[in-house]
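Work through the exercises below with the model open. Each task is followed by a solution in steps.

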Amino acid sequence: MNMLINQLMRSSNGHSYETAGIISAFFNDSHQARAYAQQIRSLVNAQVELDGSQLAARL
């Protein structure tokens, strides 16, 4: 599942890191972050929190 999320993140031109079961991702703008969050929710049914152009996905 993490591989799928990382591939999706790279295709969205974001940067991420994983810590303790949480993937944090950073994007150039909030529109990219919202689109990526929706894709994660659809594909892997993960809980996603948004804060501007940043997000955290709990796996």
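Buried means under 20% relative accessible area, exposed means over 50%, and partly exposed lies in between, with a 1.4 Å probe and protein chains only. Under that definition Ser-24, at 13% relative accessibility, counts as buried.

The model is predicted: local features need pLDDT of at least 70, side-chain atom pairs count only at pLDDT 80 or more, and totals for chains, interfaces and linings use all residues. Residues are numbered from 1 along each chain as its sequence is written, and side-chain values use heavy atoms, with hydrogens and water left out.

**Exercise 1. Confidence**

Task: State the average pLDDT of the protein, and find which element has the lowest mean pLDDT and which the highest.

Solution. 
- Step 1. pLDDT is the predictor's confidence in each residue, from 0 to 100. The protein averages 86, and 98% of the residues score at least 70.
- Step 2. Elements are DSSP runs numbered from the N terminus: helices (H or I, at least four residues) and strands (E, at least two).

**Exercise 2. Helix α2**

Task: Compare the span of α2 with the expected one, then determine which residues of α2 are buried and what they pack against.

Solution. 
- Step 1. The expected span of a helix is 1.5 Å times one less than its number of residues. α2 runs over residues 30-44, which is 15 residues, and reaches 21 Å from its first C-alpha to its last, close to the 21 Å expected.
- Step 2. Ala-33, Tyr-36, Ala-37, Ile-40 and Val-44 are the buried residues of α2. They lie on the same side of α2 because they cover an arc of only 105° around the axis, the arc being that of the directions from the helix axis to the C-beta atoms.
- Step 3. An α-helix has 3.6 residues a turn, so residues three or four places apart point the same way.
- Step 4. The other side of α2 has His-31 and Ser-42 exposed.
- Step 5. Packing against the buried residues of α2 are α1 (2-11), β2 (22-26), β3 (47-51) and β4 (54-58).
- Step 6. At the N-terminal end, Asp-29 caps α2, with a side-chain oxygen 3.0 Å from the backbone nitrogen of His-31.
- Step 7. After α2 comes Asn-45, in the loop between α2 and β3.

**Exercise 3. Helix α1**

Task: Which residues of α1 are buried, and which elements are included in what covers them?

Solution. 
- Step 1. Ile-5, Leu-8 and Met-9 are buried in α1. Their arc around the axis is only 100°, which puts them on the same side of α1.
- Step 2. Met-3 and Ser-11 are exposed on the face turned away from the buried side of α1.
- Step 3. The cover over the buried residues of α1 includes β1 (15-19), β2 and α2.
- Step 4. Asn-13 follows α1 and has a positive phi, near 60°.

**Exercise 4. Salt bridge and strand residues**

Task: Find how many salt bridges the whole structure has, and describe the surroundings of Arg-58, Gln-54 and Ser-24.

Solution. 
- Step 1. A salt bridge is a side-chain nitrogen of Lys or Arg within 4 Å of a carboxyl oxygen of Asp or Glu. Searching the whole structure gives 1 salt bridge.
- Step 2. Arg-58 forms a salt bridge with Glu-49, and the closest N and O atoms are 3.1 Å apart. Both partners are partly exposed: Arg-58 has a relative accessible area of 41%, and Glu-49 is at 38%.
- Step 3. Contact means heavy atoms within 4.5 Å. Not counting residues up to four places away in sequence, Arg-58, in strand β4, touches Gly-21, Ile-22, Ala-46, Gln-47 and Glu-49.
- Step 4. Gln-54 is also found in β4 and is partly exposed at 37%. With residues up to four places away in sequence not counted, Gln-54 touches Ala-25, Phe-26, Ala-33 and Glu-49.
- Step 5. The buried Ser-24 is in strand β2. Beyond its neighbours within four places in sequence, Ser-24 is in contact with His-15, Ser-16, Tyr-17, Leu-55 and Ala-56.

How values were computed. Polar contact = N/O pair within 3.5 Å; in protein donor to acceptor, adjacent residues only side chain to side chain.
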